[in-house]
Amino acid sequence: TLLALIVPSTQANPGFNGRWIIDASRSTALDPWRSLAIEIAVEGDLVSVTRFYGGGTRVAQESMTVDTTLPTQTVEVEGWWDNRHIGAYLGGDNDQTVTARWRDDGQTLQLEIEMILETSQEDVAVRVLREMRLSRDGQTLRVLQLRSSRNLPVVRVFTKADS
């Protein structure tokens, strides 16, 4: 507790709030989805992130609210939609273990996510490091995702939706 009094907690840049639309031409492929939007709402230490996927008549969403002051937390989400065509589904009652923290003076939201994916062969523990980086002008959000089950990073670029 004494350390918390000495070291001020980093707060988010208010530019994170709002709806963000993917710029597919500057991003890693979304296959098989056609669209992706993110809504972010920051209220004090709580951050709500909802990702909306679209692909023709098929849509999905993943919502989580995290507390950036907790060392770790369990969050239940609707599903894991990052690669719906590979036959891996979120197991463990749709729970993810998440550590959320602000970095770079509130310009980066870092999420460390652990989850169990169910596949036809076996259940697999997967770690994800997702960094959401806000540009200095507040108009671009870059999401870098490193996954323990994937050799290459996923980079997605979003632009702020008009209010």
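Predicted model: local features only at pLDDT ≥ 70, side-chain atom pairs only at ≥ 80, totals over all residues.
Residues are numbered from 1 along each chain as its sequence is written, and side-chain values use heavy atoms, with hydrogens and water left out.

Helices (H or I, at least four residues) and strands (E, at least two) are DSSP runs, numbered from the N terminus. In order from the N terminus, the elements run α-β-β-β-β-β-β-β-β-β-β-β. The radius of gyration is 16 Å, close to the 15 Å given by the globule rule for 163 residues, so the protein is as compact as a globular protein of that length. This radius is taken over C-alpha atoms, and the globule rule is 2.2 Å times the number of residues to the power 0.38. Along the principal axes, the C-alpha atoms fill a box of roughly 50 × 35 × 25 Å.

Of the 163 residues, 43% are buried. Here buried means under 20% relative accessible area, exposed means over 50%, and partly exposed lies in between (1.4 Å probe, protein chains only). The accessible surface comes to about 9,100 Å², and carbon and sulfur atoms account for 49% of that surface. Accessible areas come from the Shrake-Rupley method with a 1.4 Å probe; for residues, only the protein chains shown count as cover. Among contacts (heavy atoms within 4.5 Å) between residues at least 6 apart in sequence, 41% join residues at least 24 apart.

The largest nonpolar core has 37 residues, and F16, I40, L111 and M132 have the most contacts inside it. Such a core is a set of buried Ala, Val, Leu, Ile, Met, Phe, Trp, Tyr and Cys residues joined through side-chain atoms within 4.5 Å. At least two residues of this core come from each of strand 1 (18-22), strand 2 (35-43), strand 3 (46-55), strand 4 (58-67), strand 7 (95-103), strand 8 (108-118), strand 9 (123-134) and strand 10 (140-147). Strand 8 gives the most, with five residues. When neighbours within four places in sequence are left aside, L111 is in contact with M64, V66, V98, T99, A100, V128, L129, R130 and M132.

R130, one of these partners of L111, belongs to strand 9. R130 is buried, at a relative accessible area of 5%. Apart from neighbours within four places in sequence, R130 is in contact with R51, E62, D82, L109, Q110, L111, I113, V143, L144 and Q145. R130 and Q110 are 20 residues apart along the chain, and their C-alpha atoms are separated by 5.9 Å.

Backbone features were noted in two loops. In the loop between strand 1 and strand 2, where P32 is placed, the peptide bond from D31 to P32 is cis, with omega near 0°. The loop between strand 7 and strand 8 contains D104 and D105. D104 is not a glycine, yet has a positive phi of about 55°; D105, also a residue other than glycine, has a positive phi near 55°. D104 is exposed, with a relative accessible area of 51%, and D105 is exposed, with a relative accessible area of 75%.
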